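Reader: Walk me through this one, please: a quick look at the whole thing first, then a close look at a single residue and its surroundings.

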Amino acid sequence: MSRIALTRPVSGSIARCELTHLRRQPIDLGRARAQHAAYEEALAALGCAVERLPEEPELPDAVFVEDTAVVLDELAVVTRPGAASRRGETAAVAAALAAHRPVAHAEVPATLDGGDVLRLGRTLFVGLGGRTNRAGVEALRALAAPLGYTVRAVPFKGCLHLKSAATVVAPDTVLLNPSWVAAAFFGRVALVEVDEAEPFAGNVLRLAGTVVMAAGAPRTRARLEARGVSVVAVDLSELAKAEGAVTCCSLVFEDPAPTATG
């Protein structure tokens with residue numbers, strides 16, 4: 001079994017990205033692309049086979065490929081992004097995922113962003129914010145519940161996606177910003193709170209027992225390492241200006257198909 005990381009290059013039009021909670025700042029395109037390349041290298045070093053989709057020059061947010069799908073063990077659910085400008089991103093992702101999974105689609109009136117879906121075991125926590133609506137939660141439930149998943153809606157505030165506020169750092173441990181999402185929604189799991197000075201530190205990507213996190217969160221990193229969590233830090237500071245983070249830039253999933261040789 002191999003681990004796939006689906007990515008897409010930084011679009012030349014990223015300066016026109018959607019913004020909700022941040023003030024627009026100039027983005028250094030060359031530096032953003034270099035940071036993204038280093039991110040892909042980090043994923044590869046942690047055992048991922050990186051599959052890079054072609055650039056979408058006129059889709060500013062296309063690098064944030066996570067929002068276009070929710071990849072379960074049995075099924076890939078192609079989303080209907082909450083920002084209308086992003087809906088053109090999904091076709092290429094659906095085609096790529098079809099090589100690895102059966103594919104289903106969220107349909108009108110659902111809006112659903114992959115960044116709002118946090119998986120913990122067989123439970124899918126779905127954030128209700130500006131990008132995912134209740135119809136989106138129900139669309140995912142209709143597809144995932146027959147496969148044995150529990151789907152729970154989680155309200156949050158102050159950030160773009162649920163996974164801006166909370167992510168998994170171990171099978172039974174969630175890292176979160178309690179100012180943005182209430183710990184009670186996650187039930188009886190261990191919790192690590194981000195340092196107050198690092199509100200965006202709650203977004204990390206767990207791979208093979210290691211978490212990839214933003215380089216600009218040393219205090220939160222220290223909290224994780226004190227609990228025995230292995231951490232790899234990456235600099236995505238330019239993409240952070242577009243409200244991007246560590247999980248946003250890839251779709252990571254296991255592929256049971258044998259690797260072709262020849």
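**The whole, then one residue**

Author: With 262 residues, a compact globule would have a radius of gyration near 18 Å, and the protein agrees with that at 17 Å (taken over C-alpha atoms, the rule being 2.2 Å times the number of residues to the power 0.38). Bear in mind that this is a predicted model, where local features need pLDDT of at least 70 and side-chain atom pairs count only at 80 or more, while totals for chains, interfaces and linings use all residues. Numbering runs from 1 along each chain as its sequence is written, and side-chain values use heavy atoms, leaving out hydrogens and water.

The C-alpha trace spans about 45 × 40 × 40 Å along its principal axes. You'll find 6 helices and 15 strands (DSSP runs, H or I of at least four residues and E of at least two, numbered from the N terminus). Buried residues make up 53% of the 262, buried being under 20% relative accessible area, exposed over 50% and partly exposed in between, with a 1.4 Å probe and protein chains only.

Now zoom in on Arg52, which sits in strand S2, residues 48-52. Arg52 has a relative accessible area of 46%, so it counts as partly exposed. Leaving aside residues up to four places away in sequence, Arg52 touches Thr7, Pro9, His36 and Glu40 (contact means heavy atoms within 4.5 Å). With Glu40 there's also a side-chain to side-chain polar contact, at 2.5 Å; that term means a pair of N or O atoms within 3.5 Å, where within protein one must be able to donate a hydrogen and the other to accept it, and residues adjacent in sequence count only if both atoms are side-chain atoms. As for Arg227, it lies 175 residues from Arg52 in sequence and 34 Å away in space, C-alpha to C-alpha.
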